[in-house]
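Hi everyone, thanks for making time this morning. Let's have a look at today's model together.

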Amino acid sequence: MTDLVAYGTLFLTAFVAATLFPAGSEAVLVGLLVAGDLPVASLLAVATLGNVLGSFVNWGLGRWIEHFRDRPWFPVKASALVRAQAWYQRYGKWSLLLSWAPIIGDPLTVAAGLMRERLGVFLALVTLAKFGRYVILTLVTLSVL
């Protein structure tokens with residue numbers, strides 16, 4: 001496997017894994033770490049970049065879908081949206097530190113867009129969470145080798 005294919009596969013898998021589609025970037029990262037052909041720092045950077053950009057897409061979807069809140073087909077009632085916005089104002093940005101977590105992480109990034117979290121805050125917290133997860137996974141993998 002060429003370096004470009006390896007990095008491209010890791011990036012795309014990490015990107016898709018951060019969206020609402022199911023994918024497992026961890027397995028690709030571990031496989032590349034075990035192969036030992038590529039620098040660890042580069043693998044961490046590519047995985048983190050792909051995962052953060054995927055979360056950014058979710059944030060954008062949240063911002064975009066909010067324009068349709070007055071439509072009858074919108075899936076959230078106005079009263080529930082007001083409650084969610086109040087909750088997010090209280091806990092929202094810090095909940096993004098869980099954006100790495102399976103099942104809840106991806107919806108959190110959509111909610112951040114819906115609740116109009118500032119992009120800089122969003123990117124800082126999501127990058128910290130995603131990078132931290134990959135660092136821990138890398139350390140565990142390398143300690144086993």
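Leaving aside its neighbours within four places in sequence, which residues is K93 in contact with? Those residues are Y88, E117, V121 and L125, where contact means heavy atoms within 4.5 Å.

Before I go on, a word on the source: this is a predicted model, with local features needing pLDDT of at least 70 and side-chain atom pairs counting only at pLDDT 80 or more, while totals for chains, interfaces and linings use all residues. Residues are numbered from 1 along each chain as its sequence is written, and side-chain values use heavy atoms, with hydrogens and water left out.

Back to K93, which sits in helix α4, residues 78–95; helices here are DSSP runs of H or I, at least four residues, numbered from the N terminus. From K93 to L125 is 32 residues in sequence, yet 7.6 Å in space, C-alpha to C-alpha. K93 is partly exposed, at 32% relative accessible area; that label covers values between buried, under 20%, and exposed, over 50%, with a 1.4 Å probe and protein chains only.

Now please turn to helix α2, residues 25–35, where S25, L29, L32 and L33 are buried. Looking down the axis of α2, its buried residues fall within an arc of 100 degrees, so they line one face of the helix; the arc is taken from the directions from the helix axis to the C-beta atoms. Those buried residues pack against α1 (3–18), α3 (40–65) and α6 (119–144). After α2 comes G36, with a positive phi near 70 degrees.

Last stop, L53: this residue lies in helix α3 and is partly exposed, with a relative accessible area of 33%.

Key:
Helices (H or I, at least four residues) and strands (E, at least two) are DSSP runs, numbered from the N terminus.
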